[in-house]
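Have the model open as you read.

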Amino acid sequence: MSWAAEALKSLKKVILIEEKVATLAEDVKSLALIGYQELSERLARMEGKLEAYERAATAAVGQRRLPRPGKKKA
């Protein structure tokens with residue numbers, strides 16, 4: 001094999017490696033974006049639940065559900 005053929009073969013390998021790296025970079029970027037969106041959605045759901053718990057707790061502050069200790073019903 002001549003040096004020109006070897007050089008051409010090496011250039012082809014470099015080009016293929018560049019394409020693979022570019023594809024891999026795009027895949028990693030899309031996976032990171034998907035992961036970020038999922039975490040954002042989960043956080044929003046948790047915030048909603050906590051807000052509902054806070055509202056329920058503040059609404060029930062003036063209400064007692066159990067009888068006061070020490071008092072007996074006649």
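**Notes on the predicted model**

1. A search of the whole structure turns up one salt bridge, meaning a side-chain nitrogen of Lys or Arg within 4 Å of a carboxyl oxygen of Asp or Glu. Please keep in mind that this is a predicted model, where local features need pLDDT of at least 70, side-chain atom pairs count only at pLDDT 80 or more, and totals for chains, interfaces and linings use all residues. Residues are numbered from 1 along each chain as its sequence is written, and side-chain values use heavy atoms, leaving out hydrogens and water.

2. Which residues form the bridge? Arg55 pairs with Glu51, and their closest N and O atoms are 2.6 Å apart. In general, side chains of opposite charge can pair when their charged atoms come close.

3. Both Arg55 and Glu51 sit in helix H1 (residues 3–59), four residues apart, about one turn of the helix. The protein has one helix and zero strands; these are DSSP runs, with helices (H or I) of at least four residues and strands (E) of at least two, numbered from the N terminus.

4. How accessible are the two partners? Arg55 is exposed at 57% relative accessible area, while Glu51 is partly exposed at 39%. Here buried means under 20%, exposed over 50% and partly exposed in between, with a 1.4 Å probe and protein chains only.

5. As for the protein overall, buried residues make up 0% of its 74 residues.
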